[in-house]
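Please read the points below with the sequence and the model open side by side. They are arranged by region.

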Amino acid sequence: MRRSSSPLRRLPQVLLVVAASAAAVASPGGAAATLWPNVPEQIARALTSGDALERRLAATRVGELAPETAIRLIQRGMSDPDVEVRLHLAGAAVRLRMPRAGDLVIEWLGEGDARLRLAACDVIRASPTDRSVVALGRVLGDPDPHVRLAAATAMGAAGLPDAVSPLLGHLDDTAPEVRAEVARALGRIGDARAVVPLIGKVQDSVPEVRKATARALGELGDPRAVSALLLALQDPSQDVRVEAVTALGRLRSDDATSAIADLVTASPGAAGVFPGARPSDSATSSNDVREAALRALGRIGSDAAVKALLAALAKDNPAAPRSAVRDALVSAGAAAVPALVAALAAAPSANTAAGAALVLGELKAREALPALERGMQRGVVPLRHGLRALGALGDPAALPGVLELLGDADPAVRAEAIRAATALLDPARPDGRAVDPARALLVDPATAPDEKLALVQLLGRTGSPRAQAALLPLAKARSTPLRLAVIEALGAARAAGTLGAAVDAALLAALDDESADVRLRAAIALSRVAGPGSARPLLQRLTVAAEQDRGALGIALSGALSRADGATDAKAANDARDASGKGLVHEVAAAIASAPDAARDALIEGLGRMPGQAAGAALARMASAAPIDDRRKIAEALAGHPEAAAALRKLAGDPDPGVRANAVWSLGAAGDKDALPLLLPLLKDPDAAVAGNAAGAIGRAAGRAGQPARAAAALCAALPDARPYVRANALAALTVAGARCDGDAARDLLARDPAEAVRLAAADHLARSGADDDRRALARCAAEDRNATVAGRCAHAAAPRAPAAGAEDVAVFIVPFDAGRGGSVRDAPAPRAPFALVRADGLMRLGVADRRGEIFERGAPRGPIRLTVPAPLVK
C-alpha cells in the first residue's frame, strides 16, 4: 500500500495511508503507571504525617493523582512547615495549572528562603490572580536577582496594567538580566505609559537590555518610538539591529523606510552597516539583519517600501524555491501589485522580471494576467518562471497561453508548461481545451517517458470525456508506471453514459492485475468514479476475495455505494431507495451478517455512505445486537444519516469508549441543536477520546444551528479540563462555532499551557480576532514560544489565509512505525490502533481505528490533515 507521512497530501474520496509514530499504537496502559484505588488515601494520610520525610515523599506523588484530588491536597499542604513539601506541591500546582493557585502563595513572597520566593513567582506565573500579581511588585526589590527576574517574568505573563508602575520603577535594576526582563514584561502588557521610559533604555550599556527594549517598543506599537529605533539601527550588536528593524516593521513607519532600505542594500557578510558599527560576538549575521529588513519593508508596504523591495529583486535568485525578497513582497499584498505590473511593462533585468512574475502569481493577482502574458511574449519574463507564475495564479484564462508552450523545444519549458496547465485545471469543471495538444504529445514517439506520465495526469485533470476516451486504450499499457498514471487519471472525474461504463469496466479489470500497486490504484479510482452499476460486482468480489485483496475492494465498493442513489439505471436507483429492505441495501446488509471480519468494516462503511433512509435504518437495526467492533464502525458510518440520530444517541451511551467516541463524533456531523443536551455531560466522560470528541461535536452542531452562545457556555467551562486534547478541541470548537469566551482565557492558554496541541488551537482561535490584545499575544508567542511549530503558527496567524472551500470524504489507514524494527514502517495498517486525527479546521477526531486499521471521516473540510499522538498517551 502507498504510504505517506503526516502532514498528508489531501485527495478527495481516496485512501490515505498514514505513517504514525510508534506511540500511536502503543498500549494505553503504557501512558502512566496505574494507581491502586487506595493510593490517593495513602498519599492524603502521608501528607498529614508528623514525619517530614514521609510528607515529602507523598508530596512528590501528588501529581500522579486525578486533578480534583490533587488540587484538594495541594490546597491543604501549601502551609506545611517543611519547605521541601511546599516546593513539591508548588511544582504540582504549576503542572496542573491549578486555578487561582497564585493566591495561595502570596505569603511565600516574604519568606526568608529564596527557593520559596522563586516557587511563589512560578506559581503566580502559571495561575495568576489580580492580588498575587500586585503582590509581586514588592518582590521586584528582592535582594536575590533570580527572584527579581522571576517576579518580572510573572508580572509580564499576567499582562495586568496594575503591574506597569512597579515594573517602571525597576527599569534601572542593577542586574542587566532583570532590566531586560522588565522591558520584556512591559512590552507584553502593552500599556502606553511604558513607551517614554523604554525609549531611554535604547542606549543601555548591555546589548541584551537594548535588544529587549527594541522588541518591547515594537510590541507597544507607539509611533513615538520611531526615532529611538532608528538610532538603534546603528547599534554595534547585530541582535539589537534585528530587533530594532523588526520593531519598525511592526510600527509600519514609512519614515523608517529609507534607513531600512540601506540595510537591504548592504553587502551580505559585512560586519556593520553604518559608520562606527563594530563586529558582534552574536551568532546573528548581517544577512539576518538584511532578511529582517526585508520583512519589515513588506510589513510597511508603502510605495517607497515596495520600490526598495523591487530593487532587491535584481540580485535575487528566481530559481530558488523560496526567497526573502519575494516573501516580503507577498506580505505587502495588493499594495505591491501596481508596482509589480509596472515593472513588467518596463525593461527590467531578467531576475527582476522573473521575481515580479512569481510574486504576482503567489498573490493570485488575476488582474496582472495580461501583463504576465505580454512580458513572456516580449521575452522580458523568462518562460520557465512565467509559466510557474501562471500556474500559481490559478486563473483558467491563462490556459491558452500555457498550452501554446506544451511543445516548446526546451524540455524545462515543456515540463513547466505541463505543470502549469495541470494546476490550472479542475476535474470538477470539465475543460477540453488541453485535450488535443496533450494527446498529440502523448502519442508522439519522441515524447520522453516522464513527460508522458505528466501528460496523462494533465489529461485526467481536464475532466473531459474526450480525455478519458483517449486514456482508455492505455489502461493496459505494458509500462507499469504508465498504467498506474492512466488508472489514476481515469479516476479523476466521473464520465456519463457508455463512456462511464467503459471506464468502470477498465478499472474493474485492473482489479485482477498481477501488480498489487495497480490493484490498489484501480480501487482508489473506482472509489472516486464508479457508478452504482459497479456496486454489485464489487460486492460479489468482496465476499469471495482473498484476504489481501479485501482492503482494496472495500475502498472501491464504499465509493460505488455512495453514488447508488444517483444512478441513471432505474432499477439500481429504486433498489437504493427501497425502504422494504430489498434491493441493494438488503444485499449489503445480508453480506455483513455472513462476511468475515476482514470485510465487515468495508461493508458497514459502504452502507453508511449510501444515501437514503433505507441504509440508515439498516445500520440502526444492526446496532442493537452487534458486537463491539461492528458497533464502533456503525457509530462512525451513521455520520451520514441524520435520520438515524436516535441510534447515535443510544450508541453515545455504549459501555465501550470506542463506540461512544465514534457516536459522539458522528453526532457532530449528523446531530442538530437537539443533540447538544446529550453532548454536554459527555465533556466530562472519563475517556479522553469521548470527552474530546464531545467538545468537537458541540462546536460543529452549534455552528450549524447558528447558536454560538450555547457553544461558548459549554466549551468555555471545558478549558480548565486537565486533559490536553479536551482543552485543545474546546478551543478549536469555539473557533468552528464562531464563539468566544469572556476575558482572556485563550490568550492565557497560548502563553502558559504546557501542551503543544492546546497552544496551536489557541493561536488559531486568536487569529480570527482583530483585537489588539490578541495580536500582541500572537506576536509574543511568535517571538518567545520554544516550540518551533507553535511559534510558526503564531507568526502566520497574524495574516490567516481563508480556508479551502468545500468538504470531502476521506479514508485514512494508519500504518505505524515499528520501533522494534529500527524505526521501519510496518507492511500493513494496525487494526484497532488508537489515533488522533487533526483536520484542516483544527478539530481533532479521537478514537480507535477499525479492524482494517482504517478510519473514515465524512465531510472533512478541504485542506491538510495529520496524525498526532493519540489521547491515551497524552498527559
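**Notes on the predicted model**

1. Leucine 393 is in contact with Leu360, Gly361, Lys364, Ala365, Arg366, Leu369 and Leu372, its neighbours within four places in sequence being left aside, where contact means heavy atoms within 4.5 Å. This leucine lies in helix H21 (residues 383-393), helices here being DSSP runs of H or I with at least four residues and strands being E runs of at least two, both numbered from the N terminus. Leucine 393 has a relative accessibility of 1% and therefore counts as buried, the classes being buried under 20% relative accessible area, exposed over 50% and partly exposed in between, with a 1.4 Å probe and protein chains only. The C-alpha atoms of leucine 393 and alanine 365 are separated by 6.7 Å, although the two residues are 28 apart along the chain.

2. A word on the basis of these values: this is a predicted model, in which local features need pLDDT of at least 70 and side-chain atom pairs count only at pLDDT 80 or more, while totals for chains, interfaces and linings use all residues. Residues are numbered from 1 along each chain as its sequence is written, and side-chain values use heavy atoms, with hydrogens and water left out.

3. For the chain as a whole, the model has 46 helices and eight strands. Of the 875 residues in the protein chain, 55% are buried, and among the contacts with a separation of 6 or more, 67% are between residues 24 or more positions apart.

4. Lysine 364, one of the contacts of leucine 393, is found in the loop between H19 and helix H20 (369-378). The phi of lysine 364 is near 55°, a positive value in a residue other than glycine. Most residues other than glycine have a negative phi. Arginine 832 likewise has a positive phi, of about 55°, without being a glycine, and its place is in the loop between strand S4 (824-825) and strand S5 (834-838). Arginine 832 counts as partly exposed because its relative accessibility is 39%.

5. How do H17 and H19 pack? Helix H17 (residues 324-332) and helix H19 (residues 350-362) pack at an angle of about 45°, with their axes 9 Å apart; axes are lines fitted to C-alpha atoms, for helices over the stretch in contact, and angles run from 0 to 180 degrees between N-to-C directions. H17 is therefore oblique to H19, since angles under 35 degrees count as roughly parallel, over 145 as roughly antiparallel, 65 to 115 as roughly perpendicular and the rest as oblique. The contact is made by Arg326, Leu329 and Val330 of H17 and by Gly355, Leu358, Val359 and Glu362 of H19. By class, this contact of H17 with H19 has four nonpolar, one polar and two charged residues, with Ala, Val, Leu, Ile, Met, Phe, Trp, Tyr, Cys and Pro counted as nonpolar, Asp, Glu, Lys and Arg as charged, and the others, Gly among them, as polar.

6. Another helix pair is formed by helix H15 (residues 286-300) and helix H16 (residues 303-313), which pack at an angle of about 140° with their axes 8 Å apart. H15 and H16 are therefore oblique to each other. On the H15 side the contact is made by Arg290, Leu294, Leu297, Gly298 and Ile300, and on the H16 side by Ala305, Ala308, Leu309 and Ala312. Seven nonpolar, one polar and one charged residues make up the contact of H15 with H16.

7. Threonine 462 is found in helix H25 (residues 449-462) and is buried, with a relative accessible area of 0%. A polar atom of the threonine 462 side chain lies 2.6 Å from the backbone oxygen of leucine 459. Not counting residues up to four places away in sequence, threonine 462 touches Leu425, Arg429, Pro430, Asp431, Ala434, Val435 and Ala467.

8. Arginine 550, in helix H31 (residues 547-562), is a charged residue by class and is buried, with a relative accessible area of 13%. Apart from its neighbours within four places in sequence, arginine 550 is in contact with Leu542, Thr543, Ala545, Pro596, Ala598 and Ala599.

9. In helix H43 (residues 745-752) the buried residues are Ala746, Arg747, Leu749, Leu750 and Arg752, and they pack against several helices, including helix H5 (114-126), helix H7 (145-158) and helix H46 (788-797).

Definitions and conventions: A polar contact is a pair of N or O atoms within 3.5 Å; within protein, one must be able to donate a hydrogen and the other to accept it, and residues adjacent in sequence count only if both atoms are side-chain atoms.
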